[in-house]
Amino acid sequence: MSPDFFLIEKVLVSYFAFLSEHGPTMLLGTVMTIKVLICATLLYVIISIIFGLMRISKNPIIQGIATGYIEFFRGTSLLVQLFWFYYVLPFFGVSLEAFTAGVVAIGMNFGAYGAEIVRGGILAVPKGQWEGAFALNFTPAKRMRKIIIPQIFPIILPPAANLTVELLKATALVALVTVVDLTFEAKQINSITWLSAQCFGTALLIYYIISRFFLVPFLRWLEVLAARKVGKDKI
Amino acid sequence: MNAEWRWDFTFEILPKMLWATLNTIMAAGIGYAIAMVVGLIFLIGQRTPFKIINMINREIVEFIRSTPLLIQLFFVYFVLPQFGITLSAWVCGMITIGLHFGTYLSEVYRGALEGVPKTQWEACRALNFSTIYTYRRIVLPQAFPIAIPGMGNYLVGIFKDTPLLSTIGVAELFHAATAVGGYHYRYLEPYTMVGLIFLTLSIPAAMWIRKIEKDVNLAQGKIKKEKV
């Protein structure tokens, strides 16, 4: 019956009270965060494949476009891009919804990073594979589709997994353009109740749980799957 | 709304933006300096022979690495005052950026140390060098070039994450742009200028880092390190 015992109990009880009152709101925010995560991931995968392929093109114009895109989006900050999409595009008559602006900005930003990964992966496919496809008289398109692309997945998935975890963290930024996600809810609850430790602590924990127990295991599973597909189980 | 770019407005706000850019660069520099030290602390935690410390260290690093910097900023900024520690937004921002990127830098350091071949350690043991001497004269000079690309990337990374500091009220470039935009109700020029300023700073920085990387590798006589 030391005073410390009471302290811990008091903290726990007040935290559970906090959870029972604000937990559902935070869960709603979490659902939105996951939505943003999924949409942005799909977009960034598509963009990185397209621009990764463009980056290794022999045509200087196509390659130049891809290089410009990648340098531009990697050279500026994601937050700046996000605000640009949300607050500046309306000046040009393109009004995006907050959710769309967030997904597009994150997808395009991470697409630029992903394109470099895809390019590295394609270049890392052994030269003999290229020569073999050439010897068999494959057209360039068929060579890419049938020989090269299936082999790049075990190479690009580990760095792409890191990038996807970064993307989950980046989704927090969409709260700043008024998307009602987990961060937004945490901020909102904080401004009402001033229970900063509880609401931001809970938000941090939820992000950690999503990343550690859902996203990362899923990405590891994909890596194993890809390695098995090309017969490289023992990586 | 009209999409016309107003040059007079651009030049009117340009001095303000350039001053704020100095703040951004300062924030990135201080944040990076803290991150380098924090990274070292995490590295030591990782390499101590005590299993429990290793485990705790790893969990802390994992936790910091997989949660958003934005919420960490809010956490430090709003929670510390409740425990009686009131810090300015600047200090909070620097601490958080230092902690966040320190975890990344500790991984870079670790990778660099592990990149030094084990035979080097064995040779030093055979020559009866002390541990400190081994680190100072044999291992660290070889680990340094391996660490440079990663360290450079995170310097640029910190620089690009400084706009987050504006959310807790640090008066850096992005904060200035938002303030100016709100005052004149024109966001086109300020935000575009922020993007351009970032571009003009980060692309030369990246090129400069690539050059240093090459120079150091040349000096070490291993230019043929292949990058995937």
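Modeller: Helices (H or I, at least four residues) and strands (E, at least two) are DSSP runs, numbered from the N terminus. In these terms, A206(B) is found in helix α8 of chain B. The model is predicted: local features need pLDDT of at least 70, side-chain atom pairs count only at pLDDT 80 or more, and totals for chains, interfaces and linings use all residues. Residues are numbered from 1 along each chain as its sequence is written, while chains are lettered from A and ligands numbered from 1 in the order in which they are written.

Biologist: What makes A206(B) count as partly exposed?

Modeller: A residue is buried if 20 or more other C-beta atoms, placed from the backbone, lie within 10 Å of its own, exposed if 12 or fewer, and partly exposed in between. A206(B) has 17 C-beta neighbours inside 10 Å, so A206(B) is partly exposed.

Biologist: Why is V116(B) called partly exposed?

Modeller: Because 17 other C-beta atoms lie within 10 Å of V116(B). V116(B) sits in the loop between α4 and α5 (118–126) of chain B.

Biologist: Which residues is V116(B) in contact with, leaving aside its neighbours within four places in sequence?

Modeller: V139(B), Q142(B) and A143(B). Contact here means that the C-beta atoms of two residues, placed from the backbone, lie within 7 Å. As for C-alpha atoms, those of V116(B) and A143(B) are separated by 6.0 Å, although the two residues are 27 apart along the chain.

Biologist: Why is α3(B) called oblique to α4(B)?

Modeller: Axes are lines fitted to C-alpha atoms, for helices over the stretch in contact, and angles run from 0 to 180 degrees between N-to-C directions. Angles under 35 degrees count as roughly parallel, over 145 as roughly antiparallel, 65 to 115 as roughly perpendicular and the rest as oblique. Helix α3 (residues 69–79) and helix α4 (residues 89–115) of chain B pack at about 135°, with axes 9 Å apart. That angle makes α3(B) oblique to α4(B).

Biologist: Which residues of α3(B) meet α4(B)?

Modeller: L69(B), Q72(B), L73(B), V76(B) and Y77(B) do; the partners in α4(B) include A89(B), C92(B) and H100(B). Ala, Val, Leu, Ile, Met, Phe, Trp, Tyr, Cys and Pro count as nonpolar, Asp, Glu, Lys and Arg as charged, and the others, Gly among them, as polar.

Biologist: How do you know that helix α3 of chain A is mostly covered?

Modeller: In helix α3 (residues 78–88) of chain A, 9 of the 11 residues are buried. Among them are L78(A), F83(A) and V88(A). The buried residues pack against α2 (60–75), α4 (98–124) and α6 (140–170) of chain A, together with α7 (173–184) and α8 (188–220) of chain B.

Biologist: How many residues of chain A are in contact with chain B?

Modeller: 35 residues of chain A are in contact with 31 residues of chain B. α8(A) gives the most to the chain A side, with 10 residues. That side divides into 22 nonpolar, 9 polar and 4 charged residues.

Biologist: How many helices and strands does chain B have?

Modeller: Chain B has 8 helices and 0 strands. Of its 228 residues, 37% count as buried.
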